[in-house]
Amino acid sequence: MSLTRPHTRGLLALGAIAVILPLLLPNPFYVDVATKIWLNAIVCVGLNLLVGYAGQISLGHAGFYALGAYASAVLTGVYGWPGLGALAAGAAGVGLIAFGVARPILKLKGHYLAMATLGLGIIIAIVLNREIGLTGGPDGRAVPPLTVFGVRLVGGALWYWIAAGAMLLAVALALNLIDSPPGRALRALHGSEVAAEAIGIDATRAKVAVFVLSAVFASVAGSLYAHADRFVTPAEAGFLRSVEFVTMIVLGGLASTYGAVLGAALLTVLPQLLAGLADYEHILYGAILMGVMIFLPHGVVPSLAARWGRRQT
Amino acid sequence: MLLELDNVAGRYGRNAVLHGVSAAVGAGELVALVGSNGAGKTTLLRVISGVGPASTGRIRFAGHDIARLAPDRRVRLGIAQVPEGRQVFAPQSVDDNLRLGGFTRPRRALGPELERIYALLPALAARRRQLAGTLSGGEQQMLAIGRALMAAPKLLLLDEPSLGLAPLVVAAVFRLIADLKRAGTTILLVEQNAQAALAIADRGYVIETGRLVLEDTGTALLANPRVREAYLGV
């Protein structure tokens, strides 16, 4: 297909950035930040499929992210499961939960959908805070290292590469989905639900499928985060974290997969850059967000792509 | 009869908009449904395609009782709708819009079908890669019709295809509809432009406040004094 070539080029460029980046980073702290960028990017790429392409909002994705993280933490730490098994079980469990709540939730539109997903995220955060026996409650819990075929995967540098590889895989999956018939159907749904239904697209089924898929992306990213950081806290399920994910994709540009990655990068790095400003950090953070949205109203990637007169992906 | 409606009623919330509508469309027929704004024309089409409000009564299509089927199942049975206001998928290319029209069909059938549509609508063939949102109103209407035809429908539902188009373009759209009918497509055409619709229709229904009040051949309705006064402004 002719469409695969620009994808290959984009993925190669993104891969090159991922390879060069650690060479430019002065110390391990920044490598950890870069690892977080890629893990956040996985959540954002999945969330962008739901929000950017299917046009449904979710303010509860941090809940799915945290569920994945805790599934890995508890299954490996308490029950001694193998790491990859825990990751897969977490993804499957989160997928099932997302599937279970998707039908009633996705019948809602606009503000009501946002409220329902917000409630879902809050419920997950409460459960993680209260089930102290399993989750460690508000203090969080330590996570054993990920062991694959007897090899313990530890160390910041190694996790950088794991996160970068997983991110590239997520981006490749998303790009291919968007250009497949189901992906075109999703975009059609966003444009006009009536017209989409009139050509035989089962709107509910498509929305449920993309909701589940985006939840699974978040869960896998959460599992990887748990093993990379070796510690999880319920703050990962918090409302602010969900808002952060949505802000990332809006900032980077809705309906742009590379925009989702860039948005994740910007909003992961920005607080670190501003941390030295102490009290002024939040003011400047807000001012930068406002500035970007005023001058690049469609998000960074689509706005710049339009300015350069190219079609964005 | 390909499509039979028996005592169909529909409502938006508490407001009943269709009252006991019974009508039929035979295979190969071009049937026009005319009436003024708010008479229930669009609602009736949407009830038939399944994207509209909940309805009661029986709807039979090609031997199936479809009244309770989801819209995508009805498309698979052979009902394609061109929605009011065209509703093309603006950010996607003409090619992608047409391919989406064949969403319910096996992928290998789409290539040849696509070429058939481009042969039928040469104006679109020159704009395959162009985004649908950048087409003119008339081209968008042609695209919306082409998109519906990609489903290879047994019954084509056309909702106000002349709405908001320049007179010359309206004439082109009606020529296309007449061509489709001659090629054997069964069409149910909803129009406020009663003159043009009845002129190409085999039969017509007149709908007033959710009830069918007249039924006759297209030519007879055009000559009917009541129709002439109310809808043709003669």
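How many helices and strands does the secondary structure of chain A come to? It comes to 14 helices and four strands, while chain B has ten helices and ten strands. The model is a predicted one. Chain B carries two open sheets, one of four strands and one of six, and 22 of its residues are in contact with 15 residues of chain A.

**Overall dimensions**

- For chain A, with 313 residues, the globule rule gives 20 Å and the radius of gyration is 19 Å, so chain A is as compact as a globular protein of that length.
- The C-alpha trace of chain A spans about 50 × 45 × 45 Å along its principal axes.
- Chain B has ten helices and ten strands; its radius of gyration of 17 Å is close to the 17 Å that the globule rule gives for 234 residues, so chain B is as compact as a globular protein of that length.
- Along the principal axes of chain B, the C-alpha trace spans about 45 × 40 × 30 Å.

**Four-stranded sheet of chain B**

- The strand order in this open sheet is 2-1-4-5, and the pairing is antiparallel.
- Strand 2 (15-25) and strand 5 (64-65) of chain B are at the edges with a single partner strand each, so each has one side without a neighbour in the sheet.
- Strand 1 (residues 3-12) and strand 4 (residues 55-61) of chain B run antiparallel and are joined by six bridges; R60(B) in strand 4 is the bridge partner of E4(B).
- Helix 1 (residues 41-49) of chain B lies across strands 1, 2 and 4 of chain B, at about 70° to strand 2.

**Six-stranded sheet of chain B**

- This open sheet has the order 6-7-8-3-9-10 and mixed pairing.
- Its edges are strand 6 (79-82) and strand 10 of chain B; each has a single partner strand, so one side of each is left without a neighbour in the sheet.
- From one strand to the next, the twist averages 15°.
- Five bridges pair strand 3 (residues 30-34) with strand 8 (residues 186-191) of chain B in the parallel sense, and V34(B) stands opposite E191(B) in strand 8.
- Strand 9 (residues 203-208) and strand 10 (residues 211-217) of chain B pair in the antiparallel sense over six bridges, with E208(B) opposite R211(B).
- Strands 9 and 10 of chain B form a hairpin with two residues between them, and T209(B) in the turn has a positive phi of about 40°.

- Helix 6 (residues 137-149) of chain B lies across strand 6 and strand 7 (155-159) of chain B, running at about 170° to strand 6.
- Helix 7 of chain B lies across strands 3, 7 and 8 of chain B, at about 155° to strand 8.
- The end C-alpha atoms of helix 7 (residues 167-182) of chain B are 23 Å apart, which agrees with the 22 Å that its 16 residues should span at 1.5 Å a residue.

**Contact between the chains**

- The contact involves 22 residues of chain B and 15 residues of chain A.
- On the side of chain B that touches chain A, helix 2 (71-77) and helix 3 of chain B each supply at least two residues.
- The residues of that side of chain B divide into eleven nonpolar, six polar and five charged.
- The axes of helix 8 (residues 181-191) of chain A and helix 3 (residues 94-101) of chain B come within 10 Å and cross at roughly 100°, which means that the two helices are roughly perpendicular.
- R184(A), A185(A) and A188(A) of helix 8 of chain A make this contact with D96(B), R99(B) and L100(B) of helix 3 of chain B.
- The residues of this helix contact divide into three nonpolar, no polar and three charged.

Definitions and conventions: Residues numbered from 1 in each chain as written. Chains lettered and ligands numbered in written order. Predicted model: local features only at pLDDT ≥ 70, side-chain atom pairs only at ≥ 80, totals over all residues. Pairing = 2+ DSSP bridges. Axes fitted to C-alpha atoms, helices over the stretch in contact; angles between N-to-C directions. Parallel < 35°, antiparallel > 145°, perpendicular 65-115°, else oblique. Contact = placed C-beta atoms within 7 Å. Nonpolar A, V, L, I, M, F, W, Y, C, P; charged D, E, K, R; others polar. Expected span 1.5 Å × (residues − 1). Rg over C-alpha atoms; globule rule 2.2 N^0.38 Å.
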